[in-house]
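Biologist: I would like to go through some of the labels put on this structure. Please set each value against its cut-off.

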Amino acid sequence: MAFGWRCTGVAWPGDVPRLGWSKGAERRVSTLAYGVGLGFRAVGERHCVGARGNVCPLGAVVSVRSTGGRCPECARLDRAHSVAADTLLDDPRTYRVYLAWFGPGLVKVGITREERGAARLREQGAVVFSWLGRGPLMAARRTEEVLRAALGVPDRITYARKRAVRGQLPGERERFGEVVELYGRAAELEGRGWPESLERLPLDVVDHGGIFGLDRAPRAARSVRELVDGGVVAGELVAAAGPDLHLAVGGGEDGRGGVVVLDTRLITGWELAAVDPAAANDVRVPLIDIAGGGVQGGLF
C-alpha cells in the first residue's frame with residue numbers, strides 16, 4: 001500500500017522541537033520555529049503507524065481520536081518492549097528518577113534512561129523538573145513507587161489536565177517552589193525506603209517555560225479533537241510543549257480565532273498535504289474547549 005508523507009510526531013532531542021516524517025523507507029525531519037507558519041490538509045484515512053520502526057503488516061485503519069495511532073496488534077508489540085510494561089527487567093543501562101512539574105498541583109515522579117538526558121521531560125511537556133537519583137532500572141522503578149506513596153504524587157497526568165493549567169502558569173520562582181519542597185521530602189527518605197543502589201542526585205531545578213515559548217504566548221482556549229479527510233490545520237506556531245503545538249489562527253469556520261492546541265499524536269498515521277498557512281490560517285477540523293477537559297485520552 002503506497003502512501004505519501006506521514007508525520008511520525010514531535011521529538012525533542014534538544015531545545016528545539018522537530019517533526020518527523022516517513023514515506024515508505026524514506027525519513028526526514030522538519031525543525032520547528034516560533035513565529036513561523038505551519039499548515040497541512042489531511043488526506044484519506046488514518047492508518048496504523050506500526051511498532052518499533054516496523055510497518056504495520058495489515059495497513060490497518062485506526063481511530064481518528066487515538067493518541068497512539070496503532071492497531072491492537074502493533075500496540076501490543078510496542079508495549080511489550082516498553083520500560084513502562086516492566087518487561088525489561090535485565091536492562092543493564094542506567095536510569096534516572098525525576099520530579100516533573102506541569103502546573104500548580106500537577107507534579108509527577110518518573111524514570112528515564114540516563115543516555116536520553118532531559119529529552120523525556122521535554123517530550124512530556126514538563127515545565128519544570130529536577131533529577132532525584134540514578135541507578136539500575138529496578139532500583140529506579142522501586143524508588144518511583146516509594147516516592148509516589150510517600151509524596152502523594154502520581155506517575156501519570158493526562159494531557160487534558162496539563163493543557164488546562166498551561167495557560168495560567170505562575171512566575172519562575174513560584175514554579176520552582178513546589179519541586180524544591182518535594183525534593184526535600186524525597187531526600188529525607190534515604191535510609192527509609194530509598195534503595196541503596198540508587199544514588200541520590202543534587203537538587204538542580206530546570207525550567208522549560210522559555211524553550212516551550214509558554215512565557216510569551218497567548219493562552220490557548222481550544223484544542224483539536226480529531227482530523228478528518230480534507231480537514232485543514234494552519235496557523236502560526238507560537239509555543240510547543242511535549243507533543244502539543246500551539247497555533248495562532250484566524251477566524252476559522254466558526255468565526256473564532258485565537259490559539260489552538262494541536263496534539264501531534266493525533267496526526268500520526270495520516271497522509272498530510274502542505275497548505276500555505278498565510279492563505280489558510282484557520283482550523284477546519286473538530287475542536288474542543290480546553291477548560292472542559294474534552295475527550296483526549298493520552299497519558300504521561
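**Labels and their cut-offs**

Modeller: His208 counts as buried, at 4% relative accessibility. This is a predicted model, in which local features need pLDDT of at least 70 and side-chain atom pairs count only at pLDDT 80 or more, while totals for chains, interfaces and linings use all residues. Residues are numbered from 1 along each chain as its sequence is written, and side-chain values use heavy atoms, with hydrogens and water left out.

Biologist: Why is His208 called buried?

Modeller: Buried means under 20% relative accessible area, exposed over 50%, and partly exposed in between (1.4 Å probe, protein chains only). His208 has 4%, so the label is buried. His208 is in the loop between β9 (206-207) and α6 (209-212); helices (H or I, at least four residues) and strands (E, at least two) are DSSP runs, numbered from the N terminus.

Biologist: Which residues is His208 in contact with, leaving aside neighbours within four places in sequence?

Modeller: Contact means heavy atoms within 4.5 Å. By that rule His208 touches Leu121, Arg122, Ala126, Val127 and Phe129.

Biologist: What makes Phe129 and Trp131 an edge-to-face pair?

Modeller: Rings of Phe, Tyr and Trp (its six-membered ring) pair if their centres lie within 6.5 Å; planes under 30 degrees apart count as stacked, over 60 as edge-to-face and the rest as tilted. The centres of Phe129 and Trp131 are 5.2 Å apart and the planes are at 75 degrees, so the pair is edge-to-face. Both Phe129 and Trp131 are buried. Ring pairs also join Tyr98, Phe129 and Trp131 into a cluster.

Biologist: How do you know that Arg76 and Glu73 form a salt bridge?

Modeller: A salt bridge is a side-chain nitrogen of Lys or Arg within 4 Å of a carboxyl oxygen of Asp or Glu. For Arg76 and Glu73 the N to O distance is 2.1 Å, so the pair meets the definition. Arg76 and Glu73 are 3 residues apart in helix α1 (residues 72-80), which means a separation of about one helical turn.

Biologist: Why is Arg76 called partly exposed?

Modeller: The relative accessibility of Arg76 is 49%, so Arg76 counts as partly exposed. Glu73 is also partly exposed, at 49%.

Biologist: What is the distance between Asp155 and Arg148 in their salt bridge?

Modeller: The closest N and O atoms of Asp155 and Arg148 are 3.5 Å apart. Asp155 is partly exposed at 26%, and Arg148 is partly exposed at 29%.
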